[in-house]
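Let's take a friendly walk through a protein model together. Have a look at the sequence and the 3D view first, and then read on.

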Amino acid sequence: MIAAEILERHAGDSVCHLATTGRRSGRARVIEIWFATDGERVYMLAGGRDRAHWVRNIRADDRVRLRLGGTTLAGRGRIVTDTAEELRARQLVAAKYQGWSEGRPLSAWAARSLPVAVDLGQEA
């Protein structure tokens with residue numbers, strides 16, 4: 001099954017599990033996190049921005065694993081820097097968890113958090 005099909009099947013799940021590699025320890029670090037899907041891409045928002053350890057880990061080593069249901073997918077994590085993609089990430093996550101809809105302002109959390117993307121289908 002391809003990544004997009006797995007993401008589509010699990011798009012409504014409440015959380016996913018993101019595994020990064022500890023930037024100091026080199027050990028696997030797994031967090032449970034809110035997410036939204038878009039094709040073969042997953043978006044997350046880091047409320048702690050660059051202070052979040054999982055963000056620091058991705059900056060040091062972008063290879064990640066994402067577990068949805070019983071399936072683990074490999075990918076590459078990155079900080080979203082494109083303005084249009086950043087807005088899309090914020091809107092997707094806010095729509096899923098906060099009921100955001102077109103024409104309404106984003107919550108402070110959705111507007112200020114750091115958008116992070118995981119591009120799946122890339123070997124990690």
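This is a predicted model, and the mean pLDDT of its chain is 94, with 97% of the residues at 70 or more. Within the chain, confidence is highest in helix H3, at a mean of 98, and lowest in helix H1, at 91.

Strand E2 covers residues 28-33 and pairs with E1 in the antiparallel sense over six bridges. Cys16 stands opposite Ile33 of E2. The two strands E1 and E2 form a hairpin with six residues between them, and Gly26 in its turn has a positive phi of about 75°.

Now look at E6 and E7, which run antiparallel and are joined by five bridges. Here Ile79 has Val116 in E7 as its bridge partner.

**Helices across the strands**

**The nonpolar core**

Which residues touch the most other members of the largest nonpolar core? They are Leu18, Val42, Met44, Trp54, Val55 and Leu120, out of 35 residues in this core. Several elements supply at least two core residues each, including helices H1 (3-10), H2 (53-60) and H3 (83-98) and strands E1 (16-21) and E4 (41-46). Strands E5 (63-68), E6 (71-79) and E7 (114-120) also each supply at least two.

Leaving aside neighbours within four places in sequence, Met44 is in contact with Leu18, Ile33, Trp34, Phe35, Trp54, Leu114, Pro115, Val116 and Val118.

**A loop residue to look at**

Finally, go to Arg49, found in the loop between E4 and H2. Its phi is near 50°, a positive value in a residue other than glycine. Is Arg49 buried, exposed or partly exposed? Buried would need under 20% relative accessible area and exposed over 50%, so Arg49, at 34% relative accessibility, counts as partly exposed.

Technical notes:
Residues are numbered from 1 along each chain as its sequence is written. This is a predicted model: local features need pLDDT of at least 70, side-chain atom pairs count only at pLDDT 80 or more; totals for chains, interfaces and linings use all residues. Side-chain values use heavy atoms; hydrogens and water are left out. A nonpolar core is a set of buried Ala, Val, Leu, Ile, Met, Phe, Trp, Tyr and Cys residues joined through side-chain atoms within 4.5 Å. Buried means under 20% relative accessible area, exposed over 50%, partly exposed in between (1.4 Å probe, protein chains only). Helices (H or I, at least four residues) and strands (E, at least two) are DSSP runs, numbered from the N terminus. Contact means heavy atoms within 4.5 Å. Two strands pair if DSSP finds at least two bridges between them. pLDDT is the predictor's confidence in each residue, from 0 to 100.
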